Amino acid sequence: MKKNILYVLPIMLMGFVLTSCEKDEIKPESVIVADSYVQNDFDKWLEVNYVNPYNIDFKYRYEEIESDYNYYTVPANMDNAIKMAHILKYLCMETYDEVAGIEFTRANFPKMFYLIGEWEYRNNGSYILGTAEGGKKILLAGINYLDAVLDGTWGDRGSLAANINHYYVKTIHHEFTHILNQTRDYPTSFQEVTGSSYVNDSQFSEPYNTAYPKRGFISAYAQTEPREDFAEMLSEYITHTPDEWEEMLQNAEGTWSQDPDQTTSGRVLIEQKLDIVRAYMSETWNIDIDELRDCILTRQANLVSGKVDLDDISL
């Protein structure tokens, strides 16, 4: 089954070295067995808030079969899993309920979320934030960092809202965009805007890791391939304020000096792609991305100001 993956460069030095083995048949073996369990209060809350309204299975217990055998993974902390269940519902699923109707969310959101505690580290120095598989499942990694993000002791994005967005919320919207694209494909005209500029796995290497705005990409990861570019365009747009978006566009003004054949400003290229994304969401899904952004930003402000109790699992 094909996976869509979102990953970023690490922001801190790790106290250990990760190595890989070339023999694909060797895989990490789980020492955790969770074949059966007694339903707890969180399970009951999930049944009321995920299963009944959306028919979504929110898996926070470690299951080897749901994990990726290419990476060493660990279970998600339960307290953080509770917080993530609230964040995902409040900032993602319910935003689509609000702008497109709950029937849209029921029909299109994946039927499983699976949480793991650690990021999935890659050999090129990046790590995976999440993956989407066949429109049916989204894996969310790094859940054990969530409490540190929320209390301000982890993350380098400049604010609590920015850290929550970068490591978790934008990831969910990015992966959900893949699912929408798998259901109804985006126009081929999108990849023609910067069609010869995608660099695959070199997106985090010099000079691409810093040159991407003027090359016509909204993020370094957007340079990977067109489908990742599309998902980055939508997820970055709807999780940033108009002022933040304008600052990103200003950084993209001009052309990349190392490409003498580039005659169009990076800002113009990004705006051309955003127009295609906007039309796709409107014409294909009847969703106004500006209305969606307003909804997300309002809810985000509520969460950051403490108006949302992320620990409450009372019924």
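Tutor: We will go through aromatic pairs, then charges over rings, then cysteines. Keep in mind that this model is predicted.

Student: How many aromatic pairs does a search of the whole structure find?

Tutor: Two rings count as a pair if their centres lie within 6.5 Å. Searching the whole structure gives 27 aromatic pairs. One of them joins Trp-119 and Tyr-145, with 5.3 Å centre to centre and 15° between the planes. Planes under 30 degrees apart count as stacked, so this pair is stacked.

Student: Which parts does the pair of Trp-119 and Tyr-145 tie together?

Tutor: Trp-119 is in the loop between β3 and β4, and Tyr-145 is in the loop between β6 and α4, so the pair links parts 26 residues apart in sequence. Both residues are buried.

Student: What kind of pair do Tyr-186 and Phe-190 form?

Tutor: Tyr-186 and Phe-190 are edge-to-face, at 5.8 Å centre to centre with 70° between the planes. Each of the two, Tyr-186 and Phe-190, is buried.

Student: Which residues form one aromatic cluster?

Tutor: The cluster consists of Tyr-96, Phe-104, Phe-109, Phe-113, Phe-176 and Trp-285. Over the ring of Trp-285 sits the charged end of Arg-184, 4.5 Å from the ring's centre. Elsewhere, Arg-299 lies over the face of Tyr-90, 4.7 Å from the ring centre.

Student: How many disulfides does the search find?

Tutor: A disulfide is a covalent bond between the sulfur atoms of two cysteines. In the whole structure the search finds zero disulfides.

Student: Are Cys-92 and Cys-295 buried or exposed?

Tutor: Cys-92 is buried, at 0% relative accessibility. Cys-295 is buried with a relative accessible area of 6%.

Key
Residues are numbered from 1 along each chain as its sequence is written. This is a predicted model: local features need pLDDT of at least 70, side-chain atom pairs count only at pLDDT 80 or more; totals for chains, interfaces and linings use all residues. Side-chain values use heavy atoms; hydrogens and water are left out. Rings of Phe, Tyr and Trp (its six-membered ring) pair if their centres lie within 6.5 Å; planes under 30 degrees apart count as stacked, over 60 as edge-to-face and the rest as tilted. Helices (H or I, at least four residues) and strands (E, at least two) are DSSP runs, numbered from the N terminus. Buried means under 20% relative accessible area, exposed over 50%, partly exposed in between (1.4 Å probe, protein chains only). A charge sits over a ring if NZ of Lys or CZ of Arg is within 6 Å of the ring centre and within 35 degrees of the ring normal. A disulfide is a pair of cysteine sulfur atoms within 2.5 Å.
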